[in-house]
Amino acid sequence: MGNITFTMIKPEAVAANNIGGILSMIEKGGFRILAMKKVQLTSERAAEFYSVHKERPFYDELVQYMSGGPIIAAILEKDNAVADFRTLIGATNPAEAAEGTIRKRYATSLSENAIHGSDSDDNAKIEADFHFSSQEIF
Ligand code: CMP
């Protein structure tokens, strides 16, 4: 496995039938999908995944939202994966996302922003391990 990042297509983007459009932008952006699954997180699993945000005022809302419907979880490979993927997805707040980014095209609000991208190589590994076993990565 080379340089990786971890992503989730979030519940509202899955519900809006935007899986294919988002995956197309990811592949056209030069990322290779090493692992992928559709899964619904329990509120306990969502709380654990986002535990770094535990003290934030939006934590409960975030956990409820991320466990409210199925997501697509994936591990992506590319040179400079973490930084290049954050460029491709755009700013957290879609109102500030650049033209041509996934969030500009598909995110509906700051809280429902279509897609997740790891913020460091260390977190990419932790997040990939949280969702996938070694037998699910190719
Ligand atoms: P992401 O950066 O992928 O991970 C943390 C998530 O928390 C973020 O996407 C948004 O979905 C959500 N988030 C961040 N800031 C806010 C906020 N101010 N209010 C509500 N949700 C937020």
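In this predicted model, helix H5 spans residues 81–89 and carries five named buried residues: Ala81, Val82, Phe85, Leu88 and Ile89. Around the helix axis they cover an arc of only 125°, so they lie on the same side of H5. This buried set packs against several elements. Among the strands, its partners are S1, S3 (71–77) and S4 (115–117). Among the helices, they are H2 (19–28), H6 (102–106) and H7 (121–131). Gly90 follows H5. Its phi is positive, near 90°.

The loop between H5 and H6 contains Thr101. Thr101 has a relative accessible area of 6%. Burial requires a value under 20%, so Thr101 counts as buried. Its side chain reaches the backbone nitrogen of Lys104 at 3.2 Å. With residues up to four places away in sequence set aside, Thr101 touches Met25, Thr87, Leu88, Ile89 and Gly90. Two of these contacts, Leu88 and Ile89, also belong to the buried set of H5. Gly90, another contact of Thr101, is the glycine that follows H5.

Aromatic rings were examined next. A search of the whole structure gives four aromatic pairs. In one of them, the ring centres of Phe6 and Phe49 are 6.0 Å apart. Their planes meet at 50°, so this pair is tilted. Phe6 belongs to strand S1 (residues 4–9), whereas Phe49 belongs to helix H3 (residues 43–49). The pair therefore ties together parts that are 43 residues apart in sequence. Both Phe6 and Phe49 are buried.

Phe49 also pairs with Tyr50. Here the ring centres are 4.9 Å apart and the planes stand at 75°, so the arrangement is edge-to-face. Tyr50 is buried, as is Phe49. Ring pairs join Phe6, Phe49, Tyr50 and Phe130 into a cluster. Strand S1, which holds Phe6, is also one of the elements against which the buried residues of H5 pack.

Arg45 is placed over the face of Phe130, at 3.9 Å from the ring centre. Phe130 is itself a member of the aromatic cluster. The charged end of Lys37 sits over the ring of Phe132, 4.7 Å from the centre of that ring.

Conventions:
Residues are numbered from 1 along each chain as its sequence is written. This is a predicted model: local features need pLDDT of at least 70, side-chain atom pairs count only at pLDDT 80 or more; totals for chains, interfaces and linings use all residues. Side-chain values use heavy atoms; hydrogens and water are left out. Rings of Phe, Tyr and Trp (its six-membered ring) pair if their centres lie within 6.5 Å; planes under 30 degrees apart count as stacked, over 60 as edge-to-face and the rest as tilted. Helices (H or I, at least four residues) and strands (E, at least two) are DSSP runs, numbered from the N terminus. Buried means under 20% relative accessible area, exposed over 50%, partly exposed in between (1.4 Å probe, protein chains only). A charge sits over a ring if NZ of Lys or CZ of Arg is within 6 Å of the ring centre and within 35 degrees of the ring normal. The arc is that of the directions from the helix axis to the C-beta atoms. Contact means heavy atoms within 4.5 Å. A polar contact is a pair of N or O atoms within 3.5 Å; within protein, one must be able to donate a hydrogen and the other to accept it, and residues adjacent in sequence count only if both atoms are side-chain atoms.
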